[in-house]
Each structure stands twice: as structure tokens, then as C-alpha cells.
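I begin with the terms and then write down what I looked up, entry by entry.

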Amino acid sequence: MVGLDYLAYVGLLVVGCKTMASSNPFFDDIRSRSGVDPPQTEESTEIPELINDPVQTVVKPNGTVSSSVRELLECPVCLNAMYPPIHQCSNGHTLCSGCKPRVHDRCPTCRHELGNIRCLALEKVAASLELPCKYQGFGCIGIYPYYSKLKHESQCAFRPYNCPYAGSECAVVGDIPYLVAHLKDDHKVDMHSGCTFNHRYVKSNPQEVENATWMLTVFSCFGQYFCLHFEAFQLGMAPVYIAFLRFMGDDNEAKNYTYSLEIGGNGRKMTWQGVPRTIRDSHRKVRDSFDGLIIQRNMALFFSGGDKKELKLRVTGRIWKEQ
């Protein structure tokens, strides 16, 4: 670890540049454009990781990193943490690699050409830091080297889940208890207890595949929550229906369960058996991978009987835990 006196010294060298940048209206114009995500890989850094990066490590005693040092590593344009290569102009103003092309290789602070100057001193300061996971508020107690932190956070077991309700592309995130309450209160999703289900899906105009309403039901089973999806979508030129199950938790837990689905009518039936997918996988990803029971519309209408002007399907199934 680099001493705090050294960090304070480096801070004095760069704080002035940050202060100039914070009051420059040019940054507001850049920030108002599409955001820049922090890099998801660390291939560009020449500084090796200090430790192997497990998903969770034991918390280590560590001095608090001052806010001024953290500000040194904040890109003045996108406000994200900077990772190598960290660029600087001839006057010492720093910038992340993601924002460099956005400002057309001109320093947004002094308007000098940026060139290909790297701020190696700041990169070395970053390598000396250890910071808590950004999901600390969700329960993660790990402390990570600066260059390992981003990788850990992409895998952290405490990172929040996206809302599994796909009908409105809901942007809500949270832990499982929060999302269960959100689905019940805000989306008015049907909630059921038990490991078997028997649902009827009725649609008066089955020709409208593109805008077909879809069903989401949440089941409480084995102390866990599962989402049953049933919907229509277009597979090439053919309209089809698909039913699948998602597990409200991580993939390593989802693999402990198996489920079966049966859809039928008019004396016929189709069955499917599979492993529920985690809600870490988006609803669209699961659907587009065809990981579920798929029924062509003509077959679904045949199951429905009658004059084929109304869709009437019964979806039954069960969930069990593998020993």
C-alpha cells in the first residue's frame, strides 16, 4: 500500500485540474449526450491484478480512502471511475479512455490536443487502493483492489436483480424480497403457493401475435420464488406460443430444480421438462433461446377446439427439487 502522505501529494498535483474541470460548461454538454459505461475488461492495463478475484472475499482491515483521492480517479466528463489507459493532456488534465474519442482528442478543460499521453502516476495510485464493493448496501462486505473491484462487481452475489416483468420493460432493481413485493403491488401479478400449477390462457383474437398479451405468474415453492411465463411471439414468419419458467435467484441455485410443463386440449397434449433459468438472464434472452415449451399457432388453435377464433389453452406443471 502506498502511504497516505504520498496520496495527498499526488492529490495536490491533480486537484487543481479537477477544480478547473468541475466549473467548465463544456463538460455539461458532453455529459448530456449518451453516457459512457466503465470498461468491462481490464485487458488495456499494464498493471497486474494484485490478487485472484473471487466473487466474495473476507473483509480486510483497511484505511479509509479519502474522498479527494477518489475524486482524482473520476473522469471529469462521464464521472465514472477511470481505468487504464488514463489519458492526460500536456497540462496534466486527465480523462478516461471512453471519453477521449467523444471530445475529438481535445482536452475539454484547456482545449489542447490530448495526443497519447498516459497518466502513469495516477494509474499507480489506483493500483495502491482498496475499496468496498458498490453493492455494500445489499450485504457485500468485501474489500477489493481498485483494478479487481470492477470484475468482482460484475459477478457479486449481492448485486441486485432486474424486475422479471417483461410486459413494460420495467427498470426497477432490487433483492428478491423487494422484487416479489414490487411484482405483487405494482404489476398486480398473480401470486401462488405450491409446487404444482394449473392455469388457463384465453385470448379472443389469436391473430394479433405481435401485440399479444402475455401472462406472468409467481409461485412460492421450497422457500423460493419462480416466474411462469406464457406469451406469443413471431418466430420468423410463423406465430408461436412459448411457456417457460424462471428462478428468482442465481444460476447455481436454479440448477437445483427441475420443472415440467404440459399444454393441451381437445384430447391432445404436449409436454416439456427443463431446468428453470435464472432471472439474471433477461426474459427476451430466454425466449429467444427457445428454452421452453413452444407451440405453433395452428396447433394451439387445434388444442382450443371450436371454430378456432378463440385461443383456450390450459398450462399445467410442477416443480421439484433434485436430490
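I count two residues as in contact when heavy atoms lie within 4.5 Å. The model is predicted, so I keep in mind that local features need pLDDT of at least 70 and side-chain atom pairs count only at pLDDT 80 or more, while totals for chains, interfaces and linings use all residues. Residues are numbered from 1 along each chain as its sequence is written, and side-chain values use heavy atoms, with hydrogens and water left out.

**Entry: the whole chain**

I looked up the secondary structure and found nine helices and 16 strands, where helices (H or I, at least four residues) and strands (E, at least two) are DSSP runs numbered from the N terminus. Of the 323 residues in the chain, 46% are buried; I take buried as under 20% relative accessible area, exposed as over 50% and partly exposed as in between, with a 1.4 Å probe and protein chains only. Among contacts with a separation of 6 or more, 61% are between residues 24 or more positions apart.

**Entry: arginine 159**

Where does arginine 159 lie? I found arginine 159 in the loop between helix 5 (146-155) and strand 5 (161-162). Leaving aside neighbours within four places in sequence, I list Tyr135, Glu153, Ser154 and Arg280 as the contacts of arginine 159. Lysine 134 is 25 residues from arginine 159 in sequence, and the two C-alpha atoms are 8.7 Å apart in space.

I then looked for polar contacts, meaning pairs of N or O atoms within 3.5 Å, where within protein one must be able to donate a hydrogen and the other to accept it, and residues adjacent in sequence count only if both atoms are side-chain atoms. A polar atom of the arginine 159 side chain lies 3.1 Å from the backbone oxygen of glutamine 155, and the backbone oxygen of cysteine 156 lies 2.8 Å from a polar atom of that side chain.

**Entry: the cysteines**

How many disulfides does the structure hold? I found one disulfide, the term being used for a pair of cysteine sulfur atoms within 2.5 Å. Cysteine 195 and cysteine 221 form it, with sulfur atoms 1.9 Å apart. The pair links distant parts of the chain, 26 residues apart, with cysteine 195 in the loop between strand 7 (190-193) and strand 8 (196-203) and cysteine 221 in strand 9 (residues 215-221). Because the torsion about the S-S bond is about 100 degrees, I note the disulfide as right-handed. Cysteine 195 is partly exposed at 22% relative accessible area, whereas cysteine 221 is buried at 2%.

Cysteine 140 is buried at 1% relative accessibility, and its sulfur is 3.8 Å from the closest cysteine sulfur, in cysteine 156, which is too far for a bond.

**Entry: helix 6**

Which residues of helix 6 (residues 176-185) are buried? I noted Ile176, Leu179, Val180, His182 and Leu183.
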